[in-house]
Amino acid sequence: PALVFWCGMQKKNYASFPDLPLPNTEYRLYRWRWLILIALLLLNLSSGMMFLTYSPIPNYTAVFYGVPESYVNGFSITYSATTFFIGLISIIILDTCGLRISLYFGASCNLIGAVIRWISTIPPVLCSHDYQRSGYMVAMIGQTITAFAQPFLLFAPTKLASFWFGPKERAFCTSITSIANPVGLAVVNIASPYLVSSPGQVPLMLWIYIIPAGIGCVLTLISFWPGRYHSLPVPGLHEEKEKQSFRSFLKGLMSVLRNKSFCVLIFVWSIAAGLFNALITLLPQFLCPYGYTNNQSGLWGALMIFIGLIGGTVASCILDHTKKFKEVGVVTLGLAILCLVWFMEVARLEHQSVNIAFSLCMFGFFALPLIPVCMELGVEITFPIAEATSSGLLWTCAQVAGMVMVLLSNSPLQIELSNTQVPLSQCSISMQRNDTFVSCLRNISNTVEATPAYDTTNVQIFYLACVVVAFIFFVGLFYPVYKRTDSERASLDTEVNY
């Protein structure tokens, strides 16, 4: 609230906010806009990496911090919970303070949190009081600070495109900066298992992940340095929305929440996105009892995302040409459910690497297109409300659903498995005494066992039931009115008649 008030006072000085349009002002495109684009791309990439850093290596993380493996899920849960609580505030700040202040705040939090996570691994912190808690708690603080950054970075691409790029460049700007976040998830799925083959390599991994956060932060500071811009960037399509008051924002928010179609869309999108987040977070824990390693799970998770990006691109092209938003959404969600059933059947069997990889790739191909479908639907049915309001609410609710689904993985729905039931289990790891990595581990036993393997079939069935209910709501209760498309067609007809 203090930041919002400060920004409101500073709006009197328009020179402090180069992204705010002024009347009778000459506009120009700066070559430095590409540096801003690269900065936001790196920041969103880094944010995705921060979210999923520990999930591909839950057993090594648990041993390093001396906590149960279920505690590792706390990193992603904390990220989702923090994003939920800060989401609405980030929308307000983006609308009232502008892009520069929002990116400054997001980039700073992302870098500071990354550094604190690495500080949690140094011996004075890890061994300061209680080995089983001190390092883990410091890492959790760092994770929470990085989570503050995500909504500021995730909601920024459309505003950056509208106010800093020309009409023919906006689609490219929005696409490349938006997909950076899932690309970060894919990168960390591959990188974490290969960087960490023993608990002692966790600090190196965290240090490497600081690099993109640092570069993105430096580029952001350079790009928006005061005094660099003597005239404003190109005027966006929605200049008046940039100058809306806080009261206008609340009025628009209440209008969106009273929209029945949008409420149905929030429910459907939250379940679908929450399921995807839970699956990508818990994939190693789902597969390790049946002989699949962290490296395999990470590679399959990355493939799921990369193939999903291809599916999202195809879906975007179809939407641009047909405007059949609901129809495309129904088809992709239905096929994603079938692929999820396929994965659930083969994931409980040993020696099914090809089937698991192919089912996950197909799931990603049909699931990720729901991002452009639901984002565009949100804008269409809430028009003329600001885009950041609808997309921000959709992403925030998705974080809540993902958090709940990950929490369910630690519920009584899962059943502990003995070694005789899963002889090929890769969930537990062994660490010999000569494998010690900090002095406070000198008294550990010769072998350190991670949390036992669990049968998560019941958890997966619950996930499937939730997404089937969402599909039924989407088909039977969602009746969208494409207000933006209708408005554009009416304007075109008026021009033609004139």
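Helix 14 and helix 17 are roughly antiparallel to each other, because roughly antiparallel means an angle over 145 degrees and their axes cross at roughly 170 degrees. Helix 14 covers residues 260–287, helix 17 covers residues 353–367, and their axes come within 12 Å. Axes here are lines fitted to C-alpha atoms over the stretch in contact, with angles from 0 to 180 degrees between N-to-C directions. Helices are DSSP runs of H or I, at least four residues, numbered from the N terminus.

Which residues of helix 14 and helix 17 make the contact (heavy atoms within 4.5 Å)? From helix 14 they are Leu275, Phe276, Leu279, Leu283 and Leu287, and from helix 17 Ile356, Leu360, Phe363 and Ala367. By class, that is nine nonpolar, no polar and no charged residues.

This is a predicted model: local features need pLDDT of at least 70, side-chain atom pairs count only at pLDDT 80 or more, and totals for chains, interfaces and linings use all residues. Residues are numbered from 1 along each chain as its sequence is written, and side-chain values use heavy atoms, without hydrogens and water.

Next, the cores. A nonpolar core is a set of buried (under 20% relative accessible area, 1.4 Å probe, protein chains only) Ala, Val, Leu, Ile, Met, Phe, Trp, Tyr and Cys residues joined through side-chain atoms within 4.5 Å. The largest has 109 residues, and Tyr65 and Phe363 have the most contacts inside it. Helix 14 gives the most to this core, 18 residues.

Last, pLDDT, the predictor's confidence in each residue from 0 to 100. The protein averages 79.

Terms used
Helix = DSSP H or I, 4+ residues; strand = E, 2+ residues; numbered from the N terminus. Parallel < 35°, antiparallel > 145°, perpendicular 65-115°, else oblique. Contact = heavy atoms within 4.5 Å. Nonpolar A, V, L, I, M, F, W, Y, C, P; charged D, E, K, R; others polar. Buried < 20%, exposed > 50% of the residue type's maximum accessible area, 1.4 Å probe, protein only.
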